[in-house]
Amino acid sequence: MNKVEAALKMKCPRCHEGDIFETKNPFVLGKMTAMHKNCPECNLKYEKEVGFFYGAMYVSYAFNIAFFVITTVAYYVYFETRVDWRIYIWTYLLITFILFPVFYRLSRSLWLQFFNDYKPLSKEISSSESHG
Ligand SMILES: [Zn+2]
């Protein structure tokens with residue numbers, strides 16, 4: 001698993017095994033932002049210092065701009081002649097609203113990856129891991 005894959009799977013940036021968030025599903029109400037304080041596997045402290053995750057807002061901002069650009073280009077290329085721009089804007093806002101938890105988590109996960117190096121846990125038996 002590389003850093004990008006670990007970020008997408010919301011895994012600990014150091015061991016790539018422990019989860020960052022308490023629930024895997026970002027859409028569980030009330031648990032959307034619930035993070036482990038430390039990695040359940042290697043005990044890495046996620047919030048290095050108070051305010052560490054403020055920087056993740058820039059990542060989130062970048063995601064939103066990228067998403068806006070992609071959807072707008074897609075709109076002009078595929079739907080402009082068939083769909084009113086106002087419908088496009090409202091649909092865009094709705095999708096952004098729905099995806100907010102995903103972007104929120106992804107930006108924090110990526111932010112953690114920026115500031116932590118991969119150090120695999122040493123295990124006695126490195127058996128072939130099963131999928132799933
Ligand atoms: Zn870990």
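How many residues does α2 have, and how far does α2 reach from its first C-alpha to its last? Helix α2 has 24 residues and spans 33 Å between those two atoms, close to the 34 Å expected at 1.5 Å a residue; the expected span is 1.5 Å times one less than the number of residues. Helices here are DSSP runs of H or I with at least four residues, numbered from the N terminus.

This is a predicted model, in which local features need pLDDT of at least 70, side-chain atom pairs count only at pLDDT 80 or more, and totals for chains, interfaces and linings use all residues. Residues are numbered from 1 along each chain as its sequence is written.

**Confidence**

- The mean pLDDT of the chain is 90, and 92% of its residues reach 70 or more; pLDDT is the predictor's confidence in each residue, from 0 to 100.
- Among the elements of the chain, the highest mean pLDDT, 94, belongs to helix α1 (residues 3-8), and the lowest, 92, to α2.
- Where pLDDT is low, the predicted coordinates should not be read in detail.

**Helices α2 and α3**

- Two packed helices are described by the angle between their axes and the distance between the axes.
- For α2 (residues 56-79) and α3 (residues 85-115), the axes come within 9 Å and cross at roughly 145°. Axes are lines fitted to C-alpha atoms, for helices over the stretch in contact, and angles run from 0 to 180 degrees between N-to-C directions.
- On the α2 side, the contact is made by A56, V59, S60, F63, N64, T71, Y75 and F79. The α3 side includes Y88, Y92, F103, Y104 and W111. Two residues are in contact if their C-beta atoms, placed from the backbone, lie within 7 Å.
- Helix α2 is hardly covered, as the count of buried residues among its 24 residues is zero. A residue is buried if 20 or more other C-beta atoms lie within 10 Å of its own, exposed if 12 or fewer, and partly exposed in between.

**Two residues of α3**

- L112 lies in helix α3 and is buried because 27 other C-beta atoms lie within 10 Å.
- Leaving aside neighbours within four places in sequence, L112 is in contact with P13, I20 and Y46. L112 and F52 are 60 residues apart in sequence, and their C-alpha atoms are 9.2 Å apart in space.
- Y104, also in helix α3, is partly exposed, with 18 other C-beta atoms within 10 Å.
- Not counting residues up to four places away in sequence, Y104 touches T33 and S60. Between Y104 and P26 there are 78 residues in sequence and 9.1 Å in space, C-alpha to C-alpha.

**The loop between α1 and α2**

- H16 lies in this loop, and its phi is near 60°, a positive value in a residue other than glycine. H16 counts as buried because it has 22 C-beta neighbours inside 10 Å.
- N43 lies in the loop between α1 and α2 and has a phi near 70°, again positive in a residue other than glycine. With 13 C-beta neighbours inside 10 Å, N43 counts as partly exposed.
- C15 is in the loop between α1 and α2 and is partly exposed, with 19 other C-beta atoms within 10 Å.
- Beyond its neighbours within four places in sequence, C15 is in contact with C39, E41, C42, K119, P120 and L121. C15 and L112 are 97 residues apart in sequence and 12 Å apart in space, C-alpha to C-alpha.
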